[in-house]
Amino acid sequence: MSPYRIDITLRPPVRFQASIPNFTMVTMSNILTILLINSDRASRTVIADLLSRCRRPVEVSASVASLQEGMKYLESDTPPQVIVLEAQSIAQGVRDISAILANNPHAMIIVTSMEKHPDWILTLIRAGAGEYLTTPINTEELDDAVERTARMLDQKQGVDETRGKIITVYNPSGGMGTTSIAVNLAATLSAKGEMTTLVDLNPFSNDITAFLDLTPAYTLSSLQETVGQIDASFLMGIMTKHASGLKVLCGPEEVGAVVGITPNQILNLLTLVKSQFGVTIIDTGGSLSERNLETFNGSDIILYPLTLTLPALNNARRYLKALSRLGFGPDRVKVVVNRYLPKDDIRISDAERILGVKSFHTIPNSYVEIKESIYKGTPLVVGYPRSLVTKALTELTSRTMAELSNGSH
Ligand SMILES: Nc1ncnc2c1ncn2[C@@H]1O[C@H](COP(=O)(O)OP(=O)(O)OP(=O)(O)O)[C@@H](O)[C@H]1O
Ligand SMILES: [Mg+2]
């Protein structure tokens, strides 16, 4: 497959409309300064308007028809950080990119062009462009390109706050609501405008594909089949986009294929998602395999869902103890009581006594809403924004994010 996506869909971006309580975002909010170079005045107006709607606050410092006109801004004491440059030919594009970088080696360049031929993309990316967008520009593609560009800039400038966070949802035996929680955390964050991805590393099931009614062209198998390291373009190319805009790395169709993924490949994957997304949610299960331990090692927080039954509690007690011995103690592993019924024989206080840790959060039993949302392939935050279970999942998201921004992770 080509590592570069050439997506010129004109579909407007679909973002969740549900009202979500505020919580602290991980991403930085510094304003990006942009120089817009495009020979067509109407296109400049359209692009400037699209840029103003990006999640990352931007300021179009100047909008000019040619690089020649833009030179005075590039040579100023405070040159723009990002140049959105029109390429009308490969030669002009390469020439302009070289001139910009010669002047300001730290500039980030987003090329816009009507041409979608891979030769153009490869040549201009090799010349030093960071992103390549075909026109007419897709709003969502531009938004993602700006976000990635901003992250690269933050990294170059050593800004640590933008290091993406990883939240793993794990239960070894399954059936505890791991996928329900992972999907809804990711959907809530994405609806809130956080750059989020959802990764299915569960060795037994391929649930996320079904939960979100996705038809992936590529899955984790592509990672497994790759010899050597993958890069960010490859990663973005194997993701599947949900109608909400959420990017998902689906599990392989073949049973057991996740097991073939090496800890090194996991490390490669985690490093990349951290560089590309504000938050990554991982759904996993199974034993304390090397693959899972590598995942936990890269995770800022591990949510451990369980139901209040004796077998589930007994298993949780053993696994929490083992995790703690391996260095993943209660500061990182948080118990989430799922399918809670106030009239349960076993109370939360009983569970806390058996497990020796406090429950981090409780999600009520809500059979109908959960079943319907899976059936429709729609996260609860979209389908049932006002239900009690959605409220509990949204609170879990806020609480987890608050825990992450407390700085201990
Ligand atoms: N809060 C809840 N209320 C009612 N039903 C729930 C709740 N959470 C999950 N369920 C149901 O429990 C079942 C298991 O949930 P889910 O698939 O999310 O768990 P899992 O741990 O990912 O399981 P698996 O082992 O299949 O991967 C599903 O049928 C789901 O509808
Ligand atoms: Mg599951």
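The secondary structure of the protein chain comprises 16 helices and 13 strands. Helices (H or I, at least four residues) and strands (E, at least two) are DSSP runs, numbered from the N terminus. The model is predicted: local features need pLDDT of at least 70, side-chain atom pairs count only at pLDDT 80 or more, and totals for chains, interfaces and linings use all residues. Residues are numbered from 1 along each chain as its sequence is written, while chains are lettered from A and ligands numbered from 1 in the order in which they are written.

The protein chain has 409 residues, of which 44% are buried. A residue is buried if 20 or more other C-beta atoms lie within 10 Å of its own, exposed if 12 or fewer, and partly exposed in between; C-beta atoms are placed from the backbone. Of the contacts in the protein chain with a separation of 6 or more, 77% join residues 24 or more positions apart. Two residues are in contact if their C-beta atoms, placed from the backbone, lie within 7 Å.

Ligand 1 is surrounded by 22 residues. A residue is near a molecule or strand if its C-beta atom, placed from the backbone, lies within 6 Å of it. The closest residues are Gly174, Gly177, Thr178, Thr179 and Ser180. Helix H6 (178-191), strand S12 (333-340) and helix H14 (367-376) each supply at least two residues of the shell. H14 gives the largest share, four residues. By type, the shell divides into six nonpolar, 13 polar and three charged residues. Ala, Val, Leu, Ile, Met, Phe, Trp, Tyr, Cys and Pro count as nonpolar, Asp, Glu, Lys and Arg as charged, and the others, Gly among them, as polar.

Strand S12 also contains Arg339. Phi of Arg339 is near 60 degrees, a positive value in a residue other than glycine. Arg339 counts as buried because 22 C-beta neighbours lie inside 10 Å. Asp213 is not a glycine either, yet has a positive phi of about 50 degrees. Asp213 lies in the loop between helix H7 (207-211) and helix H8 (220-225). With 13 other C-beta atoms within 10 Å, Asp213 is partly exposed. A cis peptide bond, with omega of about 0 degrees, joins Thr135 and Pro136. The loop that holds Pro136 runs between strand S5 (131-134) and helix H5 (139-156). Most residues other than glycine have a negative phi, and most peptide bonds are trans.

Two helix pairs were examined. Packed helices are described by the angle between their axes and the distance between the axes. Axes are lines fitted to C-alpha atoms, for helices over the stretch in contact, and angles run from 0 to 180 degrees between N-to-C directions. Angles under 35 degrees count as roughly parallel, over 145 as roughly antiparallel, 65 to 115 as roughly perpendicular and the rest as oblique. A crossing is left-handed if the near helix is turned anticlockwise from the far one by less than a right angle, and right-handed if clockwise.

The axes of H3 and helix H4 (residues 118-127) come within 9 Å and cross at roughly 15 degrees. H3 and H4 are therefore roughly parallel to each other. Their crossing is right-handed. On the H3 side the contact involves Ile90, Gly93, Val94, Ile97 and Ser98; on the H4 side, Trp120, Thr123, Leu124 and Ala127. Of these contact residues, six are nonpolar, three polar and none charged. Ser98 belongs to helix H3 (residues 90-103). With 12 C-beta neighbours inside 10 Å, Ser98 counts as exposed. The C-alpha atoms of Ser98 and Ala129 lie 9.5 Å apart, with 31 residues of sequence separation.

Helix H10 (residues 263-276) packs with helix H11 (residues 290-298) at an angle of about 25 degrees, their axes 9 Å apart. H10 and H11 are therefore also roughly parallel to each other. They form a right-handed crossing. H10 contributes Pro263, Ile266, Leu267 and Leu270 to the contact, and H11 contributes Glu290, Arg291, Glu294, Thr295 and Gly298. This contact has four nonpolar, two polar and three charged residues.

Tyr73 lies in helix H2 (residues 67-74). Tyr73 is partly exposed, with 17 other C-beta atoms within 10 Å. Beyond its neighbours within four places in sequence, Tyr73 is in contact with Leu35, Ser61, Ala62, Pro79 and Pro80. Tyr73 and Ser61 are 12 residues apart along the chain, and their C-alpha atoms are separated by 8.5 Å.
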